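The following note collects points for a colleague's review of the model. Please read them alongside the sequence and the coordinates.

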Amino acid sequence: MKAIKLLSAMMIMAFGLFGFSSCSDDKDEPATPAARSIAGTYEGDMTCSVMGSEDVFEDVTFTVTAVDDSKVNITLPSFGNPPMQLPEIVVENLSVSGSDGTYSIPETVSEGTLENGKAYKVTLTGAYAGDQLTINFNLQYGAMPMPMICSFTAPKK
């Protein structure tokens, strides 16, 4: 009799344990790839200096376009005033790494010639954290003897 009571009690406990465990219907969402996480439009102020002379360009727009899951193109805005206005420059195939809202773009050098025939060289680094994009770049444009050293931080629009 004791054996039957013990067996019954163990079966009740076993069924009770199974009743409290269940399979979850929640499926983990796949993580958004780094490049796609930072893709978007960012508007804010950009600070540039040449030989220690600093200028602030207000309300400039940077565009980040995902090329694939780990690479982006960044469009640097046109800025300045004619006849010294610099044209828009697209820096292509920048690597992006990171996860969970914190991403980085390692230093990348991009060179080329624009439609206006002027050569450029851009050295760019970037970061994304706290919903803010930070871009730092040095730009050598045309016959400029000194690079422009620029920084930009803004939230996604």
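1. The model is a predicted one.

2. One ring pair is formed by phenylalanine 62 and phenylalanine 152, with centres 4.0 Å apart and planes at 20 degrees. The pair is classed as stacked because that angle falls under the 30 degrees cut-off. Distant parts of the chain are linked by this pair: phenylalanine 62 lies in strand S2 (residues 53-66) and phenylalanine 152 in strand S9 (residues 148-155), 90 residues apart.

3. Are these two residues buried or exposed? Phenylalanine 62 is buried, as is phenylalanine 152.

4. A cluster is also present: Tyr42, Tyr103 and Tyr128 are linked by ring pairs.

5. Turning to the sheet, 9 strands form an open arrangement in the order S4-S3-S2-S1-S9-S8-S7-S6-S5, and their pairing is antiparallel. From one strand to the next, the twist averages 25 degrees.

6. Which strand does strand S6 (residues 102-113) pair with over 9 bridges? Its partner is strand S7 (residues 119-129), in the antiparallel sense. At the residue level, serine 104 has alanine 127 in S7 as its bridge partner.

Key:
Residues are numbered from 1 along each chain as its sequence is written. This is a predicted model: local features need pLDDT of at least 70, side-chain atom pairs count only at pLDDT 80 or more; totals for chains, interfaces and linings use all residues. Side-chain values use heavy atoms; hydrogens and water are left out. Two strands pair if DSSP finds at least two bridges between them. Helices (H or I, at least four residues) and strands (E, at least two) are DSSP runs, numbered from the N terminus. Axes are lines fitted to C-alpha atoms, for helices over the stretch in contact, and angles run from 0 to 180 degrees between N-to-C directions. Rings of Phe, Tyr and Trp (its six-membered ring) pair if their centres lie within 6.5 Å; planes under 30 degrees apart count as stacked, over 60 as edge-to-face and the rest as tilted. Buried means under 20% relative accessible area, exposed over 50%, partly exposed in between (1.4 Å probe, protein chains only).
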